[in-house]
Amino acid sequence: MTPSTDFSRRRLLRGAAAATLALALPRRGTAQGSIDVLILGAGMAGLHAARMLEAMGLSVQLLEGSPRIGGRCWTRHDVAGSPELGAQQIGFSYGRVRGNAAELGVELIDPPKGSTAETRLGQMAISIGGAPPTATPWASSPQNHLAANERELPPLQLLSHYLLKDNPLEDLDDWQKPEFRSIDALSLRQYLTLRGASPEALRLMDVSVAARDLDDANALDFLRKTHYYFWEAKKGPYHLVKGGTSALTDAMAASLKTPVLVGKIVSAIDAGPETVTVTCRDGSFYRARACIATLPLSVMKDIPVRGAVPPQQRLAWRQQRYNHLVQIFLRARSPFWEKDGLPASIWTDGPFEMIAHAPSTMDPDGVFLSYVNGRGADLLGRLPADQLSRTFTSAYSRLRPAAAGQIEVSYIHNWSTYPFAKGHVAYFAPGDIARFGDIAGQPVGALYFAGEHLCRVHAGIEGACETAENAAIQVLDALGKG
């Protein structure tokens, strides 16, 4: 299967040509106060767009609100095991991401032995209703209350099972076609119910769905992402960035002629037809012939944008959903899982959802982490970090006595309260693909948009690069460089 796209083959070829010409084209300097393109946000989308535009001879200034570069590519080297807070796996067909790594000499490596991809789950013990976790075959477990045709499926496989079963999507951009709008109108709960999911299956899927809940999630959006990641997994093995994903975004930033300015929190954007002026909270302002905003819409919606923004587009920015996610990282003092005979990882329908053990290239004992999504993240996110650490350690030790005294919380990250993201991964509410899908990223005068919330073919960091390429081509056309 070949992914088709909304943008033309001509644009794809020109985008590839921009990368190829990077070493051949002369780079011209940036005169004081004279900038061709401003880019807001130094995540993967902003960095990829900046590299493309500089390669085409334009002067570029990238502004980042946070104190660091990378956006949701974030390796925490100050935490045991150097865990990734965001992007980690570099898919086999992530051509744009791999192209940046190859050009910059950033090494991609095989994952450590025992690692699992997003589409392949390792062995887990299961605990339902607070019962002691068991590693007995799930199909025959007394904790299993699924319907007869579902009993073989562990809780974490239920959602992908129903989304892949008779999935009507074939090409990667099918989800944008009018014939699938009837699915767009459905919540994930409605779609799964129509597919035959039992009430117990729906309850278990609601625990760890990457949305507020099954009712808030758009069925077509989840169908297309699941379709994409399984398509990607079939293409070949994934890799990791040696030294962590931040090593790639750091190298991309270091390759730019004009250094990224961090700590530049945008307070207003004036989008005219031929120039854009960006004012920052520190009182500084920047003017350019064009601007690309890669900020998450959860942040963008709170920034005054003065210009000819259609009311429906402003509404699209406000309505864009982002998953709330609390990540709890743990350090094990000893391999306690070898004492109780259970798998190292556990899935529960309790407040901490999944406690997974992940091999690490940075720590021989690996990293334990708990990902809490949606409503569960909102509840836990209200607790102060020290109270959350005590609550988690106590609850986990009761559930798994062998872990008592053998684990400690090393770091907690709440994406929904992190001011430069205000959420984790973007998703649509039911009906919002038809309502807002085509308008959220439309240019406003000389202001253009990119970011993973606008990807139409790929997803994740490759999708972010896809949108950056599209925005860069629009800018090149507008500035007569196409």
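# Helix packing and selected loop residues

Helix H4 and helix H8 (residues 219–235) pack at an angle of about 95°, and their axes are 10 Å apart. That angle makes H4 roughly perpendicular to H8. The model is predicted. Two packed helices are described by the angle between their axes and the distance between the axes.

**H4 with H8**

- On the H4 side, the contact is made by Ser160, Leu163 and Leu164, and on the H8 side by Phe222, Leu223, Thr226 and Phe230.
- Sorted by class, the residues of this contact are five nonpolar, two polar and no charged.

**H4 with H7**

- H4 also packs with helix H7 (residues 199–208), at an angle of about 100° and with the axes 9 Å apart.
- This makes H4 roughly perpendicular to H7, because angles of 65 to 115 degrees count as roughly perpendicular.
- H4 contributes Pro155, Leu156, Leu158, Leu159 and Tyr162 to the contact, while H7 contributes Ala201, Leu204, Met205 and Ser208.
- The contact of H4 with H7 has eight nonpolar residues, one polar residue and no charged residues.

**H3 with H9**

- The axes of H3 and H9 are 10 Å apart and the two helices pack at an angle of about 65°.
- H3 is therefore roughly perpendicular to H9.
- The crossing of these two helices, H3 and H9, is left-handed.
- Val97, Asn100, Ala101 and Leu104 of H3 make the contact with Leu248, Ala251 and Met252 of H9.
- By class, the contact of H3 with H9 holds six nonpolar residues, one polar residue and no charged residues.

**The buried residues of H9**

- Helix H9 spans residues 246–254, and its residues Ser246, Leu248, Thr249, Met252 and Ala253 are buried.
- These residues lie on the same side of H9, because they cover an arc of only 160° around the axis.
- An α-helix has 3.6 residues a turn, so residues three or four places apart point the same way.
- The buried residues of H9 pack against helix H2 (44–55), helix H3 (95–104) and strand E5 (240–241).

- Most residues other than glycine have a negative phi.
- Ser82 is not a glycine, yet its phi is positive, at about 45°.
- Ser82 lies in the loop between strand E2 (60–63) and H3.
- With a relative accessible area of 13%, Ser82 is buried, because buried means under 20%.
- Asp166, a residue other than glycine, also has a positive phi, near 55°.
- The loop that holds Asp166 is between helix H4 (155–164) and helix H5 (181–184).
- Asp166 is exposed, with a relative accessible area of 59%, because exposed means over 50%.

**Arg281**

- Arg281 is in the loop between strand E7 (276–280) and strand E8 (285–288).
- Its relative accessibility is 63%, so Arg281 counts as exposed.
- Leaving aside neighbours within four places in sequence, Arg281 is in contact with Ile265 and Ser267.
- Arg281 and His324 are 43 residues apart in sequence, and from C-alpha to C-alpha they are 26 Å apart in space.

Terms used. Residues are numbered from 1 along each chain as its sequence is written. This is a predicted model: local features need pLDDT of at least 70, side-chain atom pairs count only at pLDDT 80 or more; totals for chains, interfaces and linings use all residues. Side-chain values use heavy atoms; hydrogens and water are left out. Buried means under 20% relative accessible area, exposed over 50%, partly exposed in between (1.4 Å probe, protein chains only). Helices (H or I, at least four residues) and strands (E, at least two) are DSSP runs, numbered from the N terminus. The arc is that of the directions from the helix axis to the C-beta atoms. Contact means heavy atoms within 4.5 Å. Axes are lines fitted to C-alpha atoms, for helices over the stretch in contact, and angles run from 0 to 180 degrees between N-to-C directions. Angles under 35 degrees count as roughly parallel, over 145 as roughly antiparallel, 65 to 115 as roughly perpendicular and the rest as oblique. A crossing is left-handed if the near helix is turned anticlockwise from the far one by less than a right angle, and right-handed if clockwise. Ala, Val, Leu, Ile, Met, Phe, Trp, Tyr, Cys and Pro count as nonpolar, Asp, Glu, Lys and Arg as charged, and the others, Gly among them, as polar.
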